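These notes are meant for someone opening the structure for the first time. Please keep the sequence and the 3D view side by side while reading.

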Amino acid sequence: MNKTENNKAWFLVLPVFVIVAFSAIIPLMTIVNYSVQDIFGPDQRVFVGTEWFRDVLGDERLQEALWRQFLFSGLVLLIEIPLGVLVALMMPKRGWTVSVVLVVLALPLLIPWNVIGTIWIIFTRPDIGLLGVAINGLGVEFDHTASPLDAWITVILMEVWHWTPLVALLAYAGLRAIPDAYFQAARIDGASAWATFRYIQLPKMRGVLTIAVLLRFMDSFLIYAEPFVLTGGGPGNSTTFLSIYLVKVAVGQFDLGPAAAFSIIYFLIILLFSWLFYQALQNVGTGEKQ
Amino acid sequence: MRLKKSAVGLIVYLVLLMLPIYWMLNMSLTTNADILGGFSLYPKDPTFDNYIKIFTDESWYSGYINSIIYVSINTAISLTVALPAAYAFSRYSFLGDKHMFFWLLTNRMAPPAVFLLPFFQLYSTFGLIDTHIAVALAHCLFNVPLAVWILEGFMSGVPREIDETAYIDGYSFPRFFLTVFMPLIRAGIGVTAFFCFMFSWVELLLARTLTTTVAKPIAATMTRTVSATGLDWGLLAAAGILTIVPGALVIWFVRNYMAKGFALGRV
């Protein structure tokens with residue numbers, strides 16, 4: 001990794017910086033402003049320091065939502081990453097079937113998120129939905145509007161259905177970027193399928209898998225529309241994830257200050273964990289090259 | 001034998017993947033009364049009324065046109081600015097490069113709910129509310145970082161000797177980049193283009209906040225089907241089926257770039 005030292009490379013990065021900073025910096029500053037003020041009207045605001053942050057951190061319902069969120073994102077990563085890699089390994093390497101498989105994989109990703117929740121409402125209805133009727137046909141009592149466990153299973157199932165193709169597409173593109181020479185060398189050495197995967201394919205996929213893990217972590221931690229439309233956060237509070245609770249605070253109670261403080265804490269948690277994942281995945285890869 | 005087993009596994013997975021979409025298709029060809037009336041594996045009385053309504057009612061089909069316009073602008077901007085930046089990150093070390101690289105990604109980490117108000121204020125200051133370019137620019141916030149990250153991964157997979165050989169052969173940077181380097185990372189460009197298109201296409205909160213009528217996206221139009229008389233499930237399902245079509249076309253066009261992968265020794 002001996003990159004050339006060249007500060008002129010900044011000119012190549014500058015357009016990206018300008019275009020992202022335009023939408024990023026001013027809204028972020030505004031939120032920081034809200035988070036330390038009590039706002040009564042456009043011209044009436046009082047500086048309150050860290051009051052909102054202390055309020056938010058002491059909120060028990062927020063802590064519950066946070067643990068729920070960690071459990072959800074953890075399950076999502078544990079299921080989607082291995083499944084996505086497995087699907088990518090099973091995909092054909094050439095021929096017309098490749099095109100068909102790629103298009104079919106992409107379909108769930110292309111449906112707007114609010115629509116996904118709506119479709120799953122009908123899909124899981126025990127009287128008129130395919131999944132609901134099928135499960136009840138097996139003799140299992142299943143109703144995600146009444147049982148918290150069923151609600152969790154449904155939301156996880158929907159999430160896995162929706163997003164595993166993203167992992168599979170990234171992993172597949174990563175696999176196709178491995179030069180054939182590597183596989184020829186493995187064949188000559190008589191390497192087993194597992195050894196080929198473990199020592200060639202997996203290390204070569206490190207880059208795309210890093211992106212897949214980070215994307216799936218961030219997006220599942222921020223998940224809002226799909227579970228909100230499907231379960232409304234219920235039954236009870238059992239599927240009230242962090243952003244569903246945030247919207248309750250921000251819109252329901254119209255409390256801009258605490259909501260802004262909440263947003264900042266939310267953001268910092270994602271930042272911390274993404275950074276940890278990033279560091280871990282970077283180091284795993286370099287160790288494996290030996 | 002091993003090959004057969006993986007083919008069976010893949011087919012089972014794809015069939016399961018298609019079930020909710022099949023159900024949406026089934027619903028889209030059925031009247032609302034029939035959907036709620038009882039369970040049926042296929043439309044007993046197929047009707048295209050839901051589709052006809054979408055194609056003849058301007059408030060419906062203009063949503064698709066608006067979405068396609070701002071998503072295309074966004075994908076074009078994202079790829080154009082991300083390609084050189086990703087090259088810089090993959091080939092050079094410069095002041096603050098690692099911080100900059102990670103900072104880009106942090107822009108995907110903010111919960112959108114509370115940010116909508118300052119976003120609206122920012123874009124109204126520039127008089128951009130209800131324009132396609134406003135949504136395209138706002139979506140750059142999460143698409144440009146993603147594009148840089150994905151492209152950087154693919155570019156780092158290309159051996160540096162290729163760059164050096166090309167410079168020794170007298171290629172200028174723009175000529176090398178366009179004629180030698182970009183063809184080498186076709187797979188990466190294909191995936192990136194699709195992901196930019198996809199994330200911009202399904203994003204609802206920002207797009208809805210920044211538009212009112214002229215540039216209103218299809219996903220916002222679809223929330224309208226919730227009315228006092230309840231949800232028109234059939235119409236919503238038909239609109240859902242139609243939201244899949246443009247993206248499926250995009251992936252159809254980039255499929256070869258994704259599938260062909262990496263041809264070493266092109267130079």
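1. A residue counts as buried if 20 or more other C-beta atoms lie within 10 Å of its own. By that criterion, 40% of the 290 residues of chain A are buried, and it should be kept in mind throughout that this is a predicted model.

2. For orientation in chain A, the secondary structure consists of 13 helices and 3 strands, and the C-alpha atoms occupy a box of roughly 75 × 65 × 30 Å along the principal axes.

3. The contact between the chains involves 77 residues from chain A and 82 residues from chain B. On the side of chain A that touches chain B, helix 1 (residues 10-35) of chain A supplies the largest share, with 14 residues, and the classes on that side are 60 nonpolar, 12 polar and 5 charged residues.

4. The two chains also pair through strands: strand 1 (residues 4-5) of chain A runs in the parallel sense with strand 1 (residues 92-93) of chain B, over 2 bridges. Within this pairing, A:Thr4 has B:Tyr92 as its bridge partner in strand 1 of chain B.

5. Is B:Asp130 buried or partly exposed? B:Asp130 counts as partly exposed because it has 16 C-beta neighbours inside 10 Å.

Terms used:
Residues are numbered from 1 along each chain as its sequence is written. Chains are lettered from A and ligands numbered from 1 in the order in which they are written. This is a predicted model: local features need pLDDT of at least 70, side-chain atom pairs count only at pLDDT 80 or more; totals for chains, interfaces and linings use all residues. Two residues are in contact if their C-beta atoms, placed from the backbone, lie within 7 Å. Helices (H or I, at least four residues) and strands (E, at least two) are DSSP runs, numbered from the N terminus. Ala, Val, Leu, Ile, Met, Phe, Trp, Tyr, Cys and Pro count as nonpolar, Asp, Glu, Lys and Arg as charged, and the others, Gly among them, as polar. Two strands pair if DSSP finds at least two bridges between them. A residue is buried if 20 or more other C-beta atoms lie within 10 Å of its own, exposed if 12 or fewer, and partly exposed in between; C-beta atoms are placed from the backbone.
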